[in-house]
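Let's go through a few labels and check what stands behind each one. Have the viewer open while you read.

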Amino acid sequence: MKAHAKANVFLKLTGFDERNYHILSSRFVLLDEIYDEIELTKDKKREGFEIISEFQCQNNLIAKAHALLCECGFANALNECFKDYAVKLNKRIPLCAGLGGGSTDAACFLTLINESLNLRLSREKLMQIGFKLGSDVPFFLSGFKSANVSGAGEIIAEFTDEIPPLNFTFSQCECLSASVYAEFDKGEFDFQKNAKFAKEFEKKSSKELLNAYENTLLNDLFAPCVRLYPTMSAFLEQGFFLSGSGSAVFKVGK
């Protein structure tokens with residue numbers, strides 16, 4: 001099963017919620033040609049739940065998704081499954097790129113297990129579970145190709161979009177989301193002005209946005225990303241657009 005990446009066509013930060021999490025307004029679009037692959041395999045190497053992959057991560061969201069499903073009452077079904085099967089992850093989405101790689105893997109795992117074990121969880125329930133794993137996960141479970149995403153990531157409105165070809169460049173820089181958001185907080189910002197732009201952007205197609213607005217206006221995190229990671233400045237100056245908190249950048253193709 002393919003776990004597709006996403007791009008942020010725009011990303012405006014508009015405030016904080018009661019937990020002091022950033023409130024955002026963003027256009028998420030699913031990327032057809034950038035994806036990880038996840039499957040169940042009988043090629044086990046140890047007992048119990050196991051992820052087989054060249055990619056190793058202590059904070060793996062697939063493992064967290066498995067634990068959360070167990071907490072939701074499906075421990076017996078999962079234990080039976082992973083007596084014989086392991087999760088195989090083929091990691092292709094670059095790390096720390098702002099493409100939602102960990103989130104889409106978690107969403108794909110939830111979908112795969114729901115279908116394979118016939119757990120009969122509704123899409124809405126899966127999205128509720130997914131939000132506990134990360135703010136991007138519900139979008140990947142929504143089934144939408146393009147959506148306006150707001151709140152802390154839990155408010156998702158499908159958008160009938162015109163998405164131009166996006167040509168990606170992947171730098172060697174690994175941009176840490178928490179650090180980029182923290183750098184944003186250190187600078188000057190106007191949440192009311194950002195919210196005004198967000199309302200304007202939400203009505204326009206991705207093609208219109210990318211053809212009409214500057215990269216730093218579309219993504220509030222581009223400037224703090226450059227301050228924190230100076231090697232990203234070349235992409236800003238050359239007119240690339242930033243996805244999420246970086247480091248993946250893109251231009252509109254022909």
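Q: Why does Ser245 count as buried?
A: This is a predicted model, and in it Ser245 has a relative accessibility of 5%.

Q: Where is Ser245 placed?
A: Look in the loop between β8 (241-242) and β9 (248-252). Leaving aside neighbours within four places in sequence, Ser245 is in contact with Gly98, Cys175, Ser177, Val180, Leu221 and Cys225.

Q: What makes the link between the side chains of Ser245 and Ser177 a polar contact?
A: The two side chains are joined at 2.8 Å. The cut-off for a pair of N or O atoms is 3.5 Å, so this one passes on distance.

Q: Why are Phe10 and Phe201 called an aromatic pair, and what makes the pair edge-to-face?
A: A search of the whole structure turns up 15 aromatic pairs. For Phe10 and Phe201, the ring centres are 5.4 Å apart and the planes make an angle of 65 degrees. Pairing needs centres within 6.5 Å, and edge-to-face needs over 60 degrees, so both labels hold.

Q: Which parts does that pair tie together?
A: Phe10 belongs to strand β1 and Phe201 to helix α6 (residues 191-202), so the pair connects parts 191 residues apart in sequence.

Q: How do you know whether Phe10 and Phe201 are buried or exposed?
A: Phe10 has a relative accessible area of 1%, and Phe201 has 0%. With buried set at under 20%, Phe10 qualifies, and so does Phe201. Phe10 and Phe201 also form one aromatic cluster with Phe197 and Tyr213.

Q: What makes the charged end of Arg27 count as sitting over the ring of Phe159?
A: The charged end of Arg27 is 3.8 Å from the ring centre, against a limit of 6 Å. Lys251 does likewise over the ring of Phe240, at 4.7 Å from its centre.

Q: How do you know that the span of α2 is close to what is expected?
A: Helix α2 (residues 101-116) reaches 22 Å from its first C-alpha to its last, and 22 Å is expected at 1.5 Å a residue. Following α2 comes Asn118, with a positive phi near 55 degrees.

How values were computed: Residues are numbered from 1 along each chain as its sequence is written. This is a predicted model: local features need pLDDT of at least 70, side-chain atom pairs count only at pLDDT 80 or more; totals for chains, interfaces and linings use all residues. Side-chain values use heavy atoms; hydrogens and water are left out. Helices (H or I, at least four residues) and strands (E, at least two) are DSSP runs, numbered from the N terminus. The expected span of a helix is 1.5 Å times one less than its number of residues. Rings of Phe, Tyr and Trp (its six-membered ring) pair if their centres lie within 6.5 Å; planes under 30 degrees apart count as stacked, over 60 as edge-to-face and the rest as tilted. Buried means under 20% relative accessible area, exposed over 50%, partly exposed in between (1.4 Å probe, protein chains only). A charge sits over a ring if NZ of Lys or CZ of Arg is within 6 Å of the ring centre and within 35 degrees of the ring normal. A polar contact is a pair of N or O atoms within 3.5 Å; within protein, one must be able to donate a hydrogen and the other to accept it, and residues adjacent in sequence count only if both atoms are side-chain atoms. Contact means heavy atoms within 4.5 Å.
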